[in-house]
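Subject: Handover of a structure model

Dear colleague,

Please find below the structure that I am handing over to you. My notes on it follow directly after.

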Amino acid sequence: MKILHYSLGFPPYARGGLAKYAIDLMKEEAAAGNEVALLWPGSIRLINSIPCIKKRNSRLGIKSFELINGLPLPQIYGIRDFRHYNMTADGRYLSLFLKGYRPDVIHFHTLMGLPPVFLDRAKELGIVTVYTTHDFFGICPKTILFYQGHSCRLNRACNHCPECNAQALDYKKQVLIQSKLYRKIKDNRIIKQIRKSQKERKFLQEETEEKHITGNPAGKGQYRKLRHHFLEMFQKMDGIHFNSRYMSDTFSNFCSIKNGRIITISHSDIGDHRKTAAGKVLDKKRVRLGYLGAIAGYKGFYILLEALDSLYEKDIRNFELTVYSDSLIEREYLVKKPPYEYKQLAEVMNSMDMLVVPSEVSFGFTVLEGLSYGVPVLAGEYVGACDLIQDGKNGIICSCSKEALEGALKEILCNADNITEMSLNIQKEQEIKTMPVHAAEIMSFYASLGGSKNG
């Protein structure tokens with residue numbers, strides 16, 4: 001089978017769960033004998049602005065094509081300048097590319113940077129199209145569907161979009177971060193530190209900003225129009241791969257999906273390491289909680305902090321919380337360690353008794369990673385990977401509120417033996433999905449949509 005993926009690019013330029021999953025899936029598909037290629041959104045040129053697709057050097061056994069002068073990439077910063085989001089651009093260059101490469105399947109991992117007419121050109125050629133729901137871009141310009149401490153999953157009117165996107169990057173900055181030069185210097189130590197500090201300041205600002213921050217009131221209609229274009233793109237897909245029930249339910253609030261399938265995901269660093277938990281000894285006087293997400297409100301970090309602060313004030317103090325961040329936040333119970341790499345995952349997981357994932361806007365690989373090391377997980381109900389948790393057996397699922405999280409943590413800390421019991425259940429019964437297994441599921445999904453008709 002000939003499979004073309006559309007994602008944000010190759011590492012190290014593209015990173016994060018979406019990029020890692022896409023690359024790992026492509027490598028598995030290539031290993032199974034398929035011809036695999038990646039189309040990725042590249043530079044935006046201010047002088048020669050004619051869009052085109054250029055072939056680049058293959059990487060990791062995957063053919064590479066760069067989309068030049070596509071739409072800007074808002075990433076997590078949002079959209080506030082609509083002038084450069086041309087949703088009706090000429091797509092003749094797309095037809096030429098697709099006729100030349102002629103894939104059986106195009107698997108989209110994002111709509112960022114993608115001209116909407118791409119789907120029309122693919123449909124004209126009878127190419128099967130599939131989309132994986134890694135985040136909420138298309139529904140939410142900032143990908144997270146979250147505003148001032150609350151989920152926007154029921155906000156169909158874009159009421160808060162102008163305010164929420166008021167600090168989005170301007171067009172010149174978007175052009176810069178998509179440039180070839182930036183790709184080369186992105187991993188420079190100084191640039192990495194600047195990016196990291198800017199991102200943390202952004203999250204902290206959003207958490208503490210005044211409720212009366214204003215955007216353009218007339219902008220609501222523009223955001224609704226933009227969302228409408230993206231929803232039409234979702235509906236044109238031959239199949240939607242939902243990585244969780246939560247994502248399926250949320251997308252269904254905004255549009256009708258004709259061929260959706262829920263398939264939990266994995267990545268190449270997932271293995272069955274449950275036996276490593278057998279030697280752990282739980283200290284009930286110091287239960288080791290771990291948090292692996294970003295120091296950000298939409299990840300539930302500040303709600304977790306409020307819940308633990310409240311317990312601490314009530315003299316329930318038999319815990320410590322380890323975070324892997326250079327955050328300036330201080331607490332007596334807080335243990336801060338530097339950000340970790342995947343090669344350190346075993347050390348990270350074996351140093352905690354329970355993983356806490358308060359909120360995760362899509363799936364939450366950390367849940368699967370924790371379970372793969374025999375670590376029970378306390379997760380908020382809007383964590384996509386809750387599909388892997390049996391409440392009370394291998395973890396705990398609770399509402400995404402400070403009160404609910406505090407109650408669940410109190411129950412665990414006052415009955416810490418339950419953590420050991422849940423870990424034993426994981427060691428005995430938990431199924432750990434590896435990437436080869438998941439890739440086979442995705443290939444089966446392609447086939448069910450007609451993707452193997454030419455393969």
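Which residue follows α2, and is its phi positive or negative? The residue is Arg102, and its phi is positive, near 50°.

Please note that this is a predicted model, in which local features need pLDDT of at least 70 and side-chain atom pairs count only at pLDDT 80 or more, while totals for chains, interfaces and linings use all residues. Residues are numbered from 1 along each chain as its sequence is written, and side-chain values use heavy atoms, with hydrogens and water left out.

Helix α2 and its surroundings

Helices (H or I, at least four residues) and strands (E, at least two) are DSSP runs, numbered from the N terminus. Helix α2 covers residues 92-101 and packs with helix α3, residues 117-124, at an angle of about 40°, the axes being 9 Å apart. Axes here are lines fitted to C-alpha atoms, for helices over the stretch in contact, and angles run from 0 to 180 degrees between N-to-C directions. The angle makes α2 oblique to α3; angles under 35 degrees count as roughly parallel, over 145 as roughly antiparallel, 65 to 115 as roughly perpendicular and the rest as oblique. The crossing of the two helices, α2 and α3, is right-handed. A crossing is called left-handed if the near helix is turned anticlockwise from the far one by less than a right angle, and right-handed if clockwise.

On the α2 side, the contact (heavy atoms within 4.5 Å) is made by Leu94, Ser95 and Leu98, and on the α3 side by Val117, Phe118, Arg121 and Ala122. By class, the residues of this contact of α2 with α3 are five nonpolar, one polar and one charged. In this classification Ala, Val, Leu, Ile, Met, Phe, Trp, Tyr, Cys and Pro count as nonpolar, Asp, Glu, Lys and Arg as charged, and the others, Gly among them, as polar.

The buried residues of α2 are Tyr93, Leu94, Ser95, Phe97, Leu98 and Tyr101. Buried means under 20% relative accessible area, exposed over 50%, and partly exposed in between (1.4 Å probe, protein chains only). These buried residues of α2 pack against α3 and against the strands β1, β2 (35-41), β3 (52-59), β4 (62-68) and β5 (105-108).

Helices α10 and α13

From α10, the contact is made by Ile303, Leu304, Glu306, Ala307, Leu308, Ser310 and Leu311. From α13, Lys402, Leu405, Glu406, Leu409, Lys410 and Leu413 take part. The contact of α10 with α13 has eight nonpolar, one polar and four charged residues.

Cysteines

How many disulfides does the structure hold? There are zero disulfides in the structure, a disulfide being a pair of cysteine sulfur atoms within 2.5 Å. Cys161 is in no disulfide, and the nearest cysteine sulfur to its own, that of Cys158, is 4.0 Å away. Cys161 is buried, at 8% relative accessible area. Cys398 is likewise in no disulfide, with the nearest cysteine sulfur, that of Cys400, 6.8 Å away. Cys398 is buried too, its relative accessible area being 9%.

Cys158 lies in the loop between β8 (150-151) and α4 (161-164). This cysteine, Cys158, is buried at 1% relative accessible area, and its phi is near 55°, a positive value in a residue other than glycine.

Cys140 is found in the loop between β6 (128-132) and β7 (146-147) and is buried, with a relative accessible area of 10%.

Further loop residues

Leu145 also has its place in the loop between β6 and β7. Although Leu145 is not a glycine, it has a positive phi of about 55°; at 5% relative accessibility, Leu145 counts as buried.

Pro11 and Pro12 are joined by a cis peptide bond, with omega about 5°. Pro12 lies in the loop between β1 (2-6) and α1 (17-31).

Finally, Thr264 is placed in the loop between β10 (260-262) and β11 (287-291) and counts as buried at 16% relative accessibility. Not counting residues up to four places away in sequence, Thr264 touches Asn243, Phe363, Asp387, Leu388, Lys433, His438 and Glu441.

With kind regards
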